[in-house]
Amino acid sequence: MTAVDDNRYLRGAPVAQRILDAVREEALAATAEGWKPKLVSITVGDVGAVDVYVRNQRRKAEAVGFDFEERNFPASVAAAELEAAIHGMNADPRVTGIIMQRPLPPSLPVRTMQRAIHPLKDVEGMHPSSIGNIVYNELDLAPCTAAASVELLKSTGLELKGLEAVIVGHSEIVGKPIAFLLMSEGATVTVCHHMTRSVAAHARRADALFVAVGRPRFIRADMVKPGAAVIDIGINTERDEDGKERVVGDVDTESVKDIASWITPVPGGVGPVTVSILLRNTMVALRRQRGLYEANYGAS
Ligand SMILES: NC(=O)C1=CN([C@@H]2O[C@H](COP(=O)(O)OP(=O)(O)OC[C@H]3O[C@@H](n4cnc5c(N)ncnc54)[C@H](OP(=O)(O)O)[C@@H]3O)[C@@H](O)[C@H]2O)C=CC1
Ligand SMILES: Nc1nc(=O)c2c([nH]1)NC[C@@H]1CN(c3ccc(C(=O)N[C@@H](CCC(=O)O)C(=O)O)cc3)C=[N+]21
């Protein structure tokens with residue numbers, strides 16, 4: 001069977017489209033009322049790995065009626081200079097949301113830079129004061145990739161309450177927030193990382209397996225429970241035999257798709273949903289900014 005007609009594939013496109021349709025409707029209404037959403041993407045240096053992400057952000061942002069601006073800084077930019085530029089965007093009323101693409105050059109402290117983005121404009125939900133919200137079960141503006149992964153799991157129709165979920169990878173931006181989102185939904189959550197004694201032993205128990213490690217084919221068929229839902233978050237670039245570059249996830253999709261009941265393809269799985277959640281988060285930020293403005297100055 002081909003990737004297109006195999007119904008084990010849990011494809012991102014329909015989930016992403018549903019989100020984008022709702023965002024577009026809200027964005028058009030807000031624009032008509034003088035509140036056009038604008039997203040600013042910050043990249044530092046020449047980071048090929050984020051090109052696809054930023055390209056898709058622009059394409060989808062424009063498709064739903066947002067303004068989109070790319071700000072690229074040289075890898076040599078000083079922390080104080082980048083911070084000052086972010087403060088300028090914080091103060092600019094035309095800017096609704098700011099996303100700082102990772103990775104940053106090692107010379108820049110990620111957490112300090114992330115903290116420079118005002119929480120009201122933090123559309124990734126990665127400011128230390130934003131990320132706390134998911135601990136308190138406030139889930140409407142959660143880190144995009146984590147929210148996208150959980151959204152895809154929900155689209156299977158599986159009952160999340162009591163579900164055995166295993167996450168491989170515990171980064172601040174992906175694995176940890178997925179764990180909090182799933183706990184909020186009532187799942188029983190196990191988080192694996194490089195010190196875990198046997199990732200395979202945990203993974204085999206999972207009704208839902210989330211993989212965010214950054215290594216092609218890390219999860220093989222013998223690590224998956226029959227009938228499980230496998231959410232492959234990895235985005236890795238590989239060269240095949242004839243030298244062509246291709247994007248692969250962290251799961252050995254070819255073998256795992258015969259065991260799992262659902263598997264997200266890469267590309268075409270989590271990635272497109274991540275982009276649509278980023279735009280949805282921008283609308284949440286806009287609503288909050290507008291609410292604050294109107295509370296202070298009255299409705300416009
Ligand atoms: N689709 C999307 O929207 C996005 C996709 N990604 C992709 O997801 C993947 C992960 O990204 P990210 O979380 O940022 O990556 P990080 O490198 O920050 O995290 C990788 C995680 O994997 C763990 N790990 C590494 N080796 C092993 C091992 N042998 N056994 C168990 N765990 C291991 C690490 O654990 P430890 O820290 O203990 O070493 C770490 O927690 C990448 O492929 C990335 O490109 C990322 C962001 C968005
Ligand atoms: N602060 C920050 N947050 C991130 O979430 C973040 C980041 N930095 N840095 C880079 C990684 C990577 N990432 C992708 C998201 C979507 C696609 C995507 O849309 N992929 C499509 C297209 C793939 C293709 O066309 O080849 C797909 O998977 O189908 C790709 C990559 C987010 N990341």
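**A helix pair and its surroundings**

Modeller: The crossing of α1 and α10 is left-handed. Keep in mind that this is a predicted model. Helix α1 covers residues 12–32. Its axis and that of α10 come within 9 Å and cross at roughly 25°. Angles under 35 degrees count as roughly parallel, so α1 is roughly parallel to α10.

Now look at who meets whom. From α1, the contact includes Gly12, Ala13, Val15, Ala16 and Ile19. Further residues of α1 in the contact include Leu20, Val23, Glu26, Ala27 and Ala30. On the α10 side, the list includes Val270, Gly271, Pro272, Val273 and Val275. Ser276, Ile277, Leu279, Arg280, Met283 and Leu286 of α10 also take part. What classes of residue make up this contact of α1 with α10? There are 16 nonpolar, 3 polar and 2 charged residues.

Next, follow α10 to the ligands. Start with ligand 1. It is surrounded by 24 residues. The closest are Gly169, Ser171, His193, Gly214 and Thr274. Helix α10 gives the most to this shell, with 3 residues. The shell around ligand 1 holds 11 nonpolar and 13 polar residues, and no charged ones.

Ligand 2 also has α10 in its shell. Here 21 residues lie around the ligand. Tyr53, Asn56, Arg102, Pro267 and Gly271 come nearest. Gly271 of α10 is also one of the residues that meet α1. Three helices each supply at least two residues to the shell around ligand 2: α2 (48–63), α6 (144–154) and α10 (270–297). The largest share, 5 residues, comes from α2. By class, the shell around ligand 2 has 13 nonpolar, 6 polar and 2 charged residues.

Last, step back to the domains. The protein is divided into domain 1 (20–119 + 274–297) and domain 2 (144–268). Their centres, taken over C-alpha atoms, are separated by 27 Å. The contact between them takes 5 residues from domain 1 and 6 residues from domain 2. On the side of domain 1 that touches domain 2, the residues divide into 2 nonpolar, 2 polar and 1 charged.

Methods:
Residues are numbered from 1 along each chain as its sequence is written. Chains are lettered from A and ligands numbered from 1 in the order in which they are written. This is a predicted model: local features need pLDDT of at least 70, side-chain atom pairs count only at pLDDT 80 or more; totals for chains, interfaces and linings use all residues. A residue is near a molecule or strand if its C-beta atom, placed from the backbone, lies within 6 Å of it. Helices (H or I, at least four residues) and strands (E, at least two) are DSSP runs, numbered from the N terminus. Ala, Val, Leu, Ile, Met, Phe, Trp, Tyr, Cys and Pro count as nonpolar, Asp, Glu, Lys and Arg as charged, and the others, Gly among them, as polar. Axes are lines fitted to C-alpha atoms, for helices over the stretch in contact, and angles run from 0 to 180 degrees between N-to-C directions. Angles under 35 degrees count as roughly parallel, over 145 as roughly antiparallel, 65 to 115 as roughly perpendicular and the rest as oblique. A crossing is left-handed if the near helix is turned anticlockwise from the far one by less than a right angle, and right-handed if clockwise. Two residues are in contact if their C-beta atoms, placed from the backbone, lie within 7 Å. Domain bounds come from an automatic or database domain assignment.
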